[in-house]
Amino acid sequence: RRVREYLDEHCAENLALDELARMVNLSAFHLNRVFRKEVGLPPHAYQTQARVKRGKSLLAQGMPIARAAIEAGFFDQSHFTYHFKRLLSFTPAAYQKNVSPG
């Protein structure tokens with residue numbers, strides 16, 4: 001739970017598995033196993049989902065796609081678009097077009 005909350009709050013940061021494991025006094029291997037068992041995803045995949053969720057929120061506020069990508073922690077707009085479409089089945093542009101700011 002603590003790692004999940006930390007990932008939610010710091011999703012835009014590049015976090016190493018070893019760093020997360022030290023937070024909860026586990027080995028990286030054990031954290032990965034326990035996290036996957038509890039959450040259903042390994043920490044990195046969970047972080048990617050948290051980043052997409054953050055990006056989606058920024059887009060809904062009217063932020064340009066490229067800036068939302070960087071603010072959410074993605075390397076660039078292309079990386080953001082790839083994961084956004086993979087997880088939500090539509091592009092950030094399509095989402096932003098159909099949602100009003102605010």
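Biologist: Which backbone oxygen lies 2.7 Å from a polar atom of the Gln47 side chain?
Modeller: The one of Glu13. A polar contact here is an N/O pair within 3.5 Å, one able to donate a hydrogen, the other to accept it. The model is predicted, with pLDDT of at least 70 needed for local features and 80 or more for side-chain atom pairs, while totals for chains, interfaces and linings use all residues. Numbering starts from 1 along each chain as its sequence is written, and side-chain values use heavy atoms, without hydrogens or water.

Biologist: Is Gln47 buried or exposed?
Modeller: Buried, because its relative accessibility is 4% (buried is under 20%, exposed over 50%, 1.4 Å probe).

Biologist: Where does Gln47 sit, and what does it touch?
Modeller: In helix H4, residues 43-60 (a DSSP H or I run of at least four residues). Leaving out residues up to four places away in sequence, Gln47 touches Leu7, His10, Cys11, Glu13 and Leu15 (heavy atoms within 4.5 Å).

Biologist: Switching to packing. How do H4 and H6 cross?
Modeller: At roughly 100°, with axes within 10 Å; H6 is residues 77-88. So H4 is roughly perpendicular to H6 (65 to 115 degrees). Axes are fitted to C-alpha atoms over the stretch in contact, with N-to-C angles from 0 to 180 degrees.

Biologist: Which residues make that contact?
Modeller: From H4, Thr48, Gln49, Val52, Gly55, Lys56 and Leu59. From H6, Phe80, His83, Phe84, Arg86, Leu87 and Leu88.

Biologist: And H1 with H3, which residues meet?
Modeller: Val3, Arg4 and Leu7 of H1 meet Leu31, Phe35 and Val39 of H3.

Biologist: What angle there?
Modeller: H1 (residues 2-9) and H3 (residues 28-39) cross at roughly 85°, axes within 10 Å. That makes H1 roughly perpendicular to H3.

Technical notes
Helices (H or I, at least four residues) and strands (E, at least two) are DSSP runs, numbered from the N terminus. Angles under 35 degrees count as roughly parallel, over 145 as roughly antiparallel, 65 to 115 as roughly perpendicular and the rest as oblique.
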